[in-house]
Every structure is written in C-alpha cells, then in structure tokens.
Amino acid sequence: MKLVWSPETASKAYLETVKSCRIFNDSGVAEFLSAMAAGWNTKLIVESWSYGGPVATSIGLAVAARHTSGRHVCIVQDERSKSSYVEAMAVAGVPSTVIVGDAEEAMEGLSGIDFLVVDSKRKDFARVLRYAKLSHKGAILACKNACRRAISGFRWNRVLGKEARVVRSVVLPVGQGLDIAHIGADSGVVGYKNSSSRWIKHIDQRSGEEHFFRG
C-alpha cells in the first residue's frame, strides 16, 4: 500500500481551512498544508508547536484529519505550552489532542505517522523528525519557516538517517518557506514520480498571486 492522492478531498479541506483561518495572517501555510494532508488521505497527522506560536496551521491540520477520518496530534514541550495551545484551539472551536514531552518522549506512543509538520524555528525540530515513527505506506514531512531555521546545513537524509528513503524534497515559497519531503513506502517508490506527478495550485492570500507546484 502507499499514499494515494485525492484532489477532491484536498480541495474540500483547502476551502474549509480558508474559511476557518480568515482571522489569521499566515501567508497561506495553513491552507496549503491542510490540502496536502487531506489530499494524500493521511491518517495520523502530527505537528510540533511552541508557546506563543500561531495555531492557524493546527486548525488546518485538524480540518484535514476530519476529512480523512484521521487523527491530529500536537506535541508541545511543557504544561504551559499545552494550556496555551488548548485555550487557543478552544477559542477557534477546534478540539485538540496534545502530548507533552521532549521529542523522543512525545514520539514514543505515536506509530504510523504519515504527515508530520515541524517549525524550523524550534531548536529541537530536527530531533522531532529523527524520532518520528513513520508509516510503512510512506509519509509527508514538512518544515515551516524553512528560511529561518534554528540550525544551518540542514539535509533530510542527514536528519532522518539511512532507514528513511527520501523520494523527493522541495522548498516552496509559502510563508517563510516550506521544506517538504516525501518519504517512500516500504516497497516501491511513492508519490513524486514523474509519471504520476500532479500540479497543485496555491493562491497567496496577501497578493492574490497564483503559484503552481508539482506534487
């Protein structure tokens, strides 16, 4: 088995996220990631969040999980962050599942992750990626704020190790940069093959410009 793209589900999640995130100024990141997570029919969507950060992406991922009948989980570093996150999501009217702990501890009970979003500004974002237990069907990994990474010289293969097969990675001009990697399934090549690639349209909410990315 492998991740299979559904443009209809992607469109539904995208439009719902646009509506849900009108009050946020997130440069289209939430909408784009929501469409990707839903379009690939991912079932376990995990993200890392830091105290004081925006929750627009979280709302978008929760929307995606609802469309795929999946699960959205947020990992935070401490109880203060958990309280702040749960409160912000409650104000938005979105239920949340939160795990508190460092990267290794938080990932311990999360097996079969097929969509993972980390914030590159977090000092431990590479550790979150390293300890993730990915799905045998393959996975989509995304680093937000790629232009403002807390470490230099980032390489997917270096962070993930030899066990993970990076089929393709690309940095997209969405928000402060989205670095996205598609991890292959246990057997066969997943996703970014030239013969089965698709174009994804993203509209910048600030400028109204249309951007097309091959997915």
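Predicted model: local features only at pLDDT ≥ 70, side-chain atom pairs only at ≥ 80, totals over all residues.
Biologist: Which residues in α3 meet V29, A30, L33, S34, A37 and A38 in α2?

Modeller: Residues are numbered from 1 along each chain as its sequence is written, and side-chain values use heavy atoms, without hydrogens or water. Contact means heavy atoms within 4.5 Å. Those α2 residues meet, in α3, A56, T57, G60, L61, V63, A64 and T68.

Biologist: How many of the residues in that contact are nonpolar?

Modeller: Ala, Val, Leu, Ile, Met, Phe, Trp, Tyr, Cys and Pro count as nonpolar, Asp, Glu, Lys and Arg as charged, and the others, Gly among them, as polar. In the contact of α2 with α3, four are polar and no residue is charged. The nonpolar count is nine.

Biologist: Are α2 and α3 roughly parallel or roughly antiparallel?

Modeller: Helix α2 spans residues 29-39 and helix α3 residues 56-68; their axes come within 8 Å and cross at roughly 25 degrees. Angles under 35 degrees count as roughly parallel, over 145 as roughly antiparallel, 65 to 115 as roughly perpendicular and the rest as oblique. That crossing angle therefore makes α2 and α3 roughly parallel.

Biologist: How many residues of α2 are buried?

Modeller: Buried means under 20% relative accessible area. Helix α2 is mostly covered. E31, F32 and M36 are among its buried residues.

Biologist: Which residues of α3 does α1 contact?

Modeller: Helix α1 (residues 7-20) packs on α3 at about 140 degrees, with their axes 9 Å apart. This contact has four nonpolar, five polar and three charged residues. From α1 come T9, K12, A13, E16, T17 and S20; from α3 come I59, G60, V63, A64, R66 and H67.

Biologist: Which strand has the lowest mean pLDDT among the elements?

Modeller: The protein has seven helices (H or I, at least four residues) and eleven strands (E, at least two), all DSSP runs. Its mean pLDDT is 85, and 84% of its residues reach 70 or more. Strand β1 (residues 44-48) has the highest mean, 97. The lowest, 49, belongs to residues 210-214, strand β11.

Methods
pLDDT = per-residue confidence, 0-100. Axes fitted to C-alpha atoms, helices over the stretch in contact; angles between N-to-C directions. Buried < 20%, exposed > 50% of the residue type's maximum accessible area, 1.4 Å probe, protein only.
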